[in-house]
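The exercises below ask you to work from coordinates to a structural description, one step at a time. Please keep the sequence and the model at hand while reading each solution.

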Amino acid sequence: ILFDGVSSIRESNTSFSLYDTLSFFLTPLVVSAVLVWHNIYLTEEFRGLLINAYAIFAGLLFGLQVFIFDIVSRVRELKITVQAAKLKILKIKFLSRDVSFEILVCLIGSIILLVSGAFPPGSLLLNQAFSIASFYLFILFLFSLIIILKSIHILLAEEISYQERRFDEFM
């Protein structure tokens with residue numbers, strides 16, 4: 001899932017962009033380190049909010065995966081060219097990879113947050129490490145969510161356009 005999530009970060013439909021991949025993974029790390037450098041740490045309240053957010057989004061994303069499976073199974077029924085069907089399946093494949101990666105981020109983030117809550121708040125080094133990891137995963141979560149939203153928007157816009165053309169043909 002991790003490698004599929006990384007492979008779906010693309011400059012275009014055909015080329016892999018090292019810059020995009022590094023930006024996607026390094027930007028959250030730099031931002032997290034800067035937050036901790038400025039003495040902004042993970043609090044109990046924020047920990048609870050993140051666990052709830054991850055749980056809610058993981059559930060929603062599992063539902064989206066089931067919906068994606070249903071869409072893929074119906075591509076054959078569409079009256080489109082083989083080339084258009086292959087392109088649609090490719091876009092859905094990348095969306096599915098992104099959703100799986102996002103679910104993984106939610107699970108890892110929840111586990112780190114739960115583990116961080118088990119340690120006493122006395123150790124500055126542990127607090128810094130858990131804060132950086134939690135902030136990193138939260139920012140990565142937001143980036144992934146934006147990518148998923150963009151993919152869904154593109155697929156939906158294409159489907160609306162296709163349905164409008166079909167409707168115009170009947171009129």
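**Exercise 1: aromatic pairs**

F24 and F101 are both buried, where buried stands for under 20% relative accessible area, exposed for over 50% and partly exposed for what lies in between (1.4 Å probe, protein chains only). The model is a predicted one, in which local features need pLDDT of at least 70 and side-chain atom pairs count only at pLDDT 80 or more, while totals for chains, interfaces and linings use all residues. Residues are numbered from 1 along each chain as its sequence is written, and side-chain values use heavy atoms, with hydrogens and water left out.

Task: classify the ring pairs F24 and F101, and Y54 and F141.

Solution. Start with the rule: rings of Phe, Tyr and Trp (its six-membered ring) pair if their centres lie within 6.5 Å, and planes under 30 degrees apart count as stacked, over 60 as edge-to-face and the rest as tilted. By this rule there are nine aromatic pairs. For F24 and F101, a centre-to-centre value of 6.3 Å and 50° between the planes give a tilted pair. Because F24 lies in helix α2 and F101 in helix α4, this pair ties together parts 77 residues apart in sequence; helices here are DSSP runs (H or I, at least four residues), numbered from the N terminus. For Y54 and F141, the centres are 5.3 Å apart and the planes stand at 80°, so the pair is edge-to-face. Y54 belongs to helix α3 and F141 to helix α5, so this pair ties together parts 87 residues apart in sequence. Both Y54 and F141 are buried. Finally, ring pairs link F46, Y54, F57, F135, F138 and F141 into a cluster.

**Exercise 2: a residue in α5**

Task: is I132 buried, partly exposed or exposed?

Solution. I132 is found in helix α5, and its 26% relative accessibility makes it partly exposed.

Definitions and conventions:
Helix = DSSP H or I, 4+ residues; strand = E, 2+ residues; numbered from the N terminus.
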